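Hello,

Here is the structure I promised to pass on. Please have a look at it first, and then read my notes below.

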Amino acid sequence: MKFWVSAGIAFALAVIAAATLKNEYYFFAGYTVLMFVVLATAWNILGGYAGYVNFGTPAFFGLGAYTAAVLFKATAAPLALQILAAATMSGLLGCAAGLLTLRLRGIFFAIATIALVVIIETLFNNWRYAGGATGLQLLRPPPTAPFESYVKMLFVLMAALAVAAVAIARYIERSWIGRGLRAIRDSEEAAECSGVPTLRLKVFACTVSGALMGVGGATMPMYLSFIEPASTFNLNYAIGALASPMIGGTAGYLGPVIGAILLSTIQQVVTVTISSEMNVMVVGVLLVVFVVAAPEGILGLIKKWTRSSSR
Amino acid sequence: MDKILLKIEGVSKHFGGFSALDGVSIAIAGGERFGLIGPNGSGKTTLINCVAGSLRHDAGSIVFDGEEVSRLPAYQRTRRGIARSFQIPRPFASMSVLENLMVPLEYVVHRGLVVTGKTEAQAQDEAMAILRDIGLAEKAVTPSNRLSQVELRKLELARAMAARPQLLISDEAMAGLSSNEVSEVLEILFKLNASGITIIMIEHIMQAVMKFSQRIVCLDAGRIICEGTPASIVQNPDVQRAYLGA
Amino acid sequence: MVFSFDLLLEAVVFGILLGCFYAAVSIGLSVSFGLLDVPHIAHPAIMVLGSYGTFVICRYGFDPIVAGVVLMPVFFVLGMGVYRFYYEAFERRGSEAGVRGIAFFFGLALIIEVGLILAFGVDQRSVEAVYIGKSLSIGEMRVPLRFLVAFGVAIVLMTALTLYLSKTFTGRAIKAVAQDEAALRLMGANPVRIKQWAFGIATAVAALAGALLIVIGPVEPGLDRVYIGRTFSVVVLAGLGSMTGTLAAGLILGISESIVLMHFGASWAPAVSFGLLLIVLGIRPQGLFGR
């Protein structure tokens, strides 16, 4: 119950912000932060819960974005349908990729996900209907009432999607599926011998993860009024989706949220004040430091501090 | 004795050029206490891995409870009643002792799509009962990465038992334990067998194997070199040679 | 797309030269990932680091291959340090280390890449040498001389490494530790020291590979990304731990890429290595000569 109350409050705040704040910059920034919350949460379902590292977030994210864009270009479909289609396509990709490579060890899966990004990016680079390498312009429809600003509408929508994504992750985490995934992560061989259908669970996690990443990307084309391969399949999405949970904490659904908010904020600050390369450097260093010294992330550190201060 | 529960026929397994198992055939009756011995590298663990499904054997057949299981993945063999413990304990380190048992209880015994309030509580009671039998009840909420060696071994057995098996394979559960601890584990295995569970024991501690087994098979270099009662095995010159070297 | 036998032949010849280069570039990974099981995603990044090291040394007038050889001992020490750190932080701590180990090398690759951008900028860098810029005429084809030089050095490098692993005591210890660490321990050898040494060698080889890289063409900091695909597909196709397989796999990749490049154009070329990787993982994950 506590979760739904907090989530409800967070969403309500987002709606209130949309109704009262004038400066559009907040909503651009907020949209980006919420998008990374979705991506980080999605990543963690396979990466944190099951222990399989995915470098291929841009593939699922980009496929979702392009699905939405192409669907819109072909049929002028409404956002809801675009999101659904994106989730389906990226979910299918997750399922296929999972079946192909999750029988193998974690490192092979990780490399295969890098391969996915390149192959899918190459496909869209060469598909003229989707704009090819130069990209596709899209004409936004007017925002649906009661919103006057399209960006504000997307912001609120993304807030709802973020709540949904976190709720799904939380549900999986607390169910017997979550326990099975954790068993796989702790000792896959022992899990299999304890009756856990390891391949099926891994493919399931990969499918859900992929679908949510597709959802994260589905509103990008409308957000930018434009889509093109180079920026859509950008490494930054891979970095953000991976580093946020590893820094925030992979054990639970809150870690990715904390990590995404923290990293997005750092990203904004460093990119504006120093440079975008320095931002990647900062993320890289943070990632290494946390992975080595604080493997349970910020959540783990908080747990340790509260435990030691209560003694 | 009762009917044959596990029939291993002509099982072979190679790793590249190396032959780990070569035409091994064993029949184990329901309720039997069966010992498997042999020097290091003789293929005991490989055989166990083939029976449990962690490895696919290259030739031969494995029939469990009347069903050919060679093509089944390990988790389905567990669901059909084959459980094993690991030589080097593999606890689910992020979980407590109790939670470790919840995994097989949920995935083998209960298999509900949603663990409802009732099923979870029921499963927890079952897990506690198993822990009491094994002697780990006070450690139920301890994280499993904080257990002593003997407690880890008991957890391996408890977790295998949580899958409600017909056949339990105990892979060197007593290695490195003190003689008191060996007796503890031995007593547990006797108790489990008394409740109807067929047990295959792999051990190096000869006293334990001799005391426990009704029948023993000795492996060497992937082949069976001797089969019989404990008394006959101990005197067999091939067995002595295998352990002490030619 | 015009299909001609001459074009195909030229693609194949070029592919053989390229393939040997790819094999040399991957052989360090064959050791660190294939034999030692380290998820070394940062291997191509270290190779690019070697390229830039070569660039710096060449500014003083040295030949790039010489520069690469000079860098080898430096990178050897660097490699030993990286492995030691990885071992203490991850391998020692057990199975949970899998995810974190991969993430660590990913972070390391990022740091190297950005470090290079900050130090050298994003523009391409290249070196000069006697053999760069000239071509050799073989029959009707013109083969750039620098490819022949890289080919030659690659062959020497791979032969030397293969001989080292099979003929010398340390080399065989490295192969042994890959197969049965427990047995090695029983023999009194220290597996960690051996692995550290092996990783050092793999890193030193990466330095020379980096020199070859900048000989073949200009480099820029993001080049490691496309080479992740190339090196890992070679190593996986070869079969983990197979040195001779690395050469065969490199040739297959080189020829495939060359044919695709000549007939379909550069926009499809990056997909070749990754596509090959996915196919191998899907059909025969143990590769051609796998353990």
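Two strands pair if DSSP finds at least two bridges between them; helices (H or I, at least four residues) and strands (E, at least two) are DSSP runs, numbered from the N terminus. This is a predicted model, where local features need pLDDT of at least 70, side-chain atom pairs count only at pLDDT 80 or more, and totals for chains, interfaces and linings use all residues. Residues are numbered from 1 along each chain as its sequence is written, while chains are lettered from A and ligands numbered from 1 in the order in which they are written.

Let's start with the sheet. In chain B, β3 (residues 33-37) and β8 (residues 198-202) run parallel and are joined by four bridges. B:Gly35 has B:Met201 of β8(B) as its bridge partner. Both strands belong to an open, mixed sheet of six strands, ordered β6-β7-β8-β3-β9-β10 (chain B). Because β6 (82-84) and β10 (223-228) of chain B are at the edges with a single partner strand each, one side of each has no neighbour in the sheet.

Chain B as a whole has nine helices and ten strands. Of its 246 residues, 46% count as buried (20 or more other C-beta atoms within 10 Å of the residue's own, C-beta atoms being placed from the backbone).

Now to the other chains. The contact (C-beta atoms within 7 Å) takes 33 residues from chain A and 31 residues from chain C. On the side of chain A that touches chain C, α5(A) gives the most, with twelve residues.

Best wishes

How values were computed. A residue is buried if 20 or more other C-beta atoms lie within 10 Å of its own, exposed if 12 or fewer, and partly exposed in between; C-beta atoms are placed from the backbone. Two residues are in contact if their C-beta atoms, placed from the backbone, lie within 7 Å.
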